[in-house]
Amino acid sequence: MCFSLQRHTMASLGALLMLLPVAWTCTPQKADYVMVSCFPNAIIANVPECPYGWEIDQLSLGGVCYTGIHSPGYFRFIIPDLTPKNHSYCGTQSEYMPGKDPKYIFYNSIVSNDTSLTVRNQPVNYTFSCMYRAAYLVNNAVFSQRVATVYVNNGSLGTFRSQLSMNVFTNSKFLYAKDAPYVIDTSEIGSEVFIGIEAKGLSNRFKVVINNCWATPTPYSTDRKRWSLIINSCSFDNTVTIFENAKDSRSMFKFNSFRFQRLEKVSTVWLHCDVHVCDGERLVCLPSPCSVRSLTTDMDPSGGILTAEFHIKGRVSSNNGHITGTSLFILLLVLSNAFCDLVNGSRM
């Protein structure tokens with residue numbers, strides 16, 4: 001009788017456990033939100049962490065690469081190679097659209113994949129694409145380095161598109177942007193340069209965050225020869241003043257212009273800024289004050305990179321090292337008169 005009662009109790013307990021909700025290792029979120037940032041040299045896709053209960057190691061890029069990064073509030077997937085080649089990065093497909101204004105379109109998706117015997121989560125498939133205006137130079141696509149495009153798909157609230165751009169402004173009022181390419185005369189080295197990074201087309205809930213900014217003597221942001229201006233949202237160079245950061249759809253700062261030593265007189269400096277767009281309704285976007293955290297020289301990249309190009313040129317006089325036509329005529333006239341005087345003197 002006791003054995004029968006015990007067996008009945010265990011059966012009831014098992015039935016009760018089956019009725020209990022599954023103990024999630026992460027809190028499931030509704031998966032109708034995705035933010036895709038199309039940067040010049042990378043694509044960054046952010047989805048809510050734990051969409052419908054899926055763990056980060058159960059989501060893959062293109063069904064191939066389990067390379068997701070867990071950032072606050074999101075799972076982040078990065079496509080770092082946009083070079084149109086025969087091979088693709090983690091299933092990324094590219095399509096070239098010829099014409100007067102040729103373009104490249106890159107496609108990929110973030111999909112769920114569970115190899116376990118039973119699946120309790122609703123499948124997810126975030127398909128996204130990025131379009132770039134392209135020009136051909138030695139069979140390589142050249143993209144605008146100062147502009148990125150940010151797409152936000154917020155489910156029933158609709159899809160939003162924004163242009164994220166970095167510009168040089170005339171002064172600290174940040175009203176008028178200068179035309180590219182930006183030219184700095186050597187006599188103006190040390191003058192103030194005003195940088196504004198702005199996202200147009202998004203609501204006020206989205207904030208532009210400057211993570212890091214640095215300069216290099218080459219177009220490559222990974223160049224080891226560099227000069228850091230902003231590290232982890234804090235001023236690193238003593239000429240940097242950050243006016244606004246992570247408070248609005250535009251962030252601004254200034255620094256004093258400079259050039260790299262031991263380079264030719266006509267040189268170029270490339271300014272790179274690692275930035276991202278933060279959803280203020282989901283996260284705390286404002287970085288903690290620099291005074292309460294230790295400033296390290298190690299940058300923590302969490303966004304995409306925008307690049308601006310500065311040409312440093314010296315003023316060259318039009319007659320520097322040359323004799324103009326008028327001067328040459330006067331010189332010949334003087335020499336001719338001197339020769340005549342010499343001849344006449346010898347006859348006397």
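**Notes on the disulfides, rings and a pocket**

1. Start with cysteine 213 and cysteine 273, which are joined by a disulfide with an S to S distance of 2.0 Å. Keep in mind that this is a predicted model. The bond ties strand 15 to strand 20, with cysteine 213 in the former and cysteine 273 in the latter, 60 residues apart. The torsion about the S-S bond is about 115°, so this disulfide is right-handed. Cysteine 213 counts as buried because its relative accessibility is 0%, and cysteine 273 is buried at 0% as well.

2. How many disulfides does the structure hold? There are 6. Counting bonded cysteines along the chain, the pattern reads 1-3, 2-6, 4-5, 7-9, 8-12, 10-11.

3. Another one to look at is cysteine 26 to cysteine 50, at 1.9 Å from S to S. Cysteine 26 sits in the loop between helix 1 and strand 1, while cysteine 50 is in the loop between strand 2 and strand 3, 24 residues apart. This disulfide is right-handed, since its torsion is about 70°. Both cysteine 26 and cysteine 50 are buried.

4. For a link of the other hand, go to cysteine 65 and cysteine 90: with -95° about the S-S bond, this one is left-handed. It connects the loop between strand 3 and strand 4 to the loop between strand 5 and strand 6. Cysteine 65 has a relative accessible area of 16% and is buried; cysteine 90, at 9%, counts as buried too.

5. Now the rings. The structure has 11 aromatic pairs. One of them is tyrosine 33 with tyrosine 74, a tilted pair with 6.1 Å centre to centre and 35° between the planes. Tyrosine 33 belongs to strand 1 and tyrosine 74 to strand 5, 41 residues apart. Arginine 282 lies over the face of tyrosine 33, at 4.0 Å from the ring centre. Elsewhere, Tyr96, Tyr104, Phe106 and Tyr132 are linked into a cluster by ring pairs.

6. Last, the second largest pocket, with a volume of about 630 Å³. Its lining takes in 28 residues, and Ser71, Pro72, Asn211, His276 and Ser302 lie nearest the centre. Among the elements giving two or more residues to this lining are strand 1, strand 5 and strand 15. Which strand supplies the largest share of the lining? That is strand 20, with 5 residues. By class, the lining has 14 nonpolar, 10 polar and 4 charged residues.

Definitions and conventions
Residues are numbered from 1 along each chain as its sequence is written. This is a predicted model: local features need pLDDT of at least 70, side-chain atom pairs count only at pLDDT 80 or more; totals for chains, interfaces and linings use all residues. Side-chain values use heavy atoms; hydrogens and water are left out. On a 1 Å grid over the protein atoms alone, a cavity is a set of points where a 1.4 Å probe fits but cannot get out, and a pocket is an open set with protein on both sides within 12 Å along at least five of seven lines; lining residues have an atom within 4 Å of a point. Grid points are joined across faces, edges and corners, and a volume is the space filled by probe spheres set on the points. Helices (H or I, at least four residues) and strands (E, at least two) are DSSP runs, numbered from the N terminus. Ala, Val, Leu, Ile, Met, Phe, Trp, Tyr, Cys and Pro count as nonpolar, Asp, Glu, Lys and Arg as charged, and the others, Gly among them, as polar. Rings of Phe, Tyr and Trp (its six-membered ring) pair if their centres lie within 6.5 Å; planes under 30 degrees apart count as stacked, over 60 as edge-to-face and the rest as tilted. A charge sits over a ring if NZ of Lys or CZ of Arg is within 6 Å of the ring centre and within 35 degrees of the ring normal. A disulfide is a pair of cysteine sulfur atoms within 2.5 Å. Buried means under 20% relative accessible area, exposed over 50%, partly exposed in between (1.4 Å probe, protein chains only).
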